[in-house]
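Open the model in a viewer and keep the selection panel at hand. The stops below go from the ligand to a hairpin and end in a loop.

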Amino acid sequence: MAKIEWRGGALLAPLPPAMVSCGTQEASNIITVAWTGILNTVPPKTYISVRPRRHSYSIIRESGEFVINLTTEELVRAADYCGMYTGAKVDKFEKCGLTREAVPGFSAPMIAESPLSLACRVTD
Ligand SMILES: Cc1cc2nc3c(=O)[nH]c(=O)nc-3n(C[C@H](O)[C@H](O)[C@H](O)COP(=O)(O)O)c2cc1C
């Protein structure tokens, strides 16, 4: 197959989008992010790339915590919703029928319905 020459850009799509929960048990939010991945294994470091204009951005900046929740087929609609609506106006946990589950030692809740949740602290 002939290849297309593409100038610039980090084209690694399609990546599986994840649902990132943040905030507190009482005031939590979820943002869908496609820009996430591994930075380092020892020490374990991951990243998320969140636009400053997102409601989640200031929450994560302030708390220094977030949880990366992987999605499943059952969570596809919720992942889409959390990537389309802002937590400044709606409670996404409630709208999507998701359950906040406490993470020991963290204020940010994880999504109980996700099979794998990575609780993270911001270092940079
Ligand atoms: C599949 C998908 C992937 C997305 N990936 C990102 C991303 O990596 N970074 C980002 O800042 N926004 C991303 N967005 C957009 C945010 O999820 C969206 O603007 C969301 O409504 C922000 O929520 P918030 O205002 O409650 O923080 C993505 C949206 C979708 C649907």
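Which strand gives the most to the shell around the ligand? Strand S2 does, with four residues. The model is predicted: local features need pLDDT of at least 70, side-chain atom pairs count only at pLDDT 80 or more, and totals for chains, interfaces and linings use all residues. For selections, residues are numbered from 1 along each chain as its sequence is written.

**Ligand shell.** Select Trp35, His55, Ser56, Gly83 and Gly87, which come nearest among the 20 residues around the ligand. A residue is near a molecule if its C-beta atom, placed from the backbone, lies within 6 Å of it. Next select S2 (28-33) and helix H1 (55-63), each of which supplies at least two shell residues. Helices (H or I, at least four residues) and strands (E, at least two) are DSSP runs, numbered from the N terminus.

**Hairpin.** Move to strand S3 (residues 36-40) and strand S4 (residues 45-48), which run antiparallel and are joined by four bridges. Strands pair if DSSP finds at least two bridges between them. Four residues separate S3 and S4 in this hairpin. Pick Gly37 to find its bridge partner in S4, Tyr47. S3 lies largely in the open, because zero of its five residues are buried (20 or more other C-beta atoms within 10 Å of its own; exposed is 12 or fewer, partly exposed in between; C-beta atoms are placed from the backbone).

**Loop.** Finally, select Leu116, in the loop between strand S7 (110-111) and strand S8 (117-121). Leu116 has 11 other C-beta atoms within 10 Å, so it is exposed.
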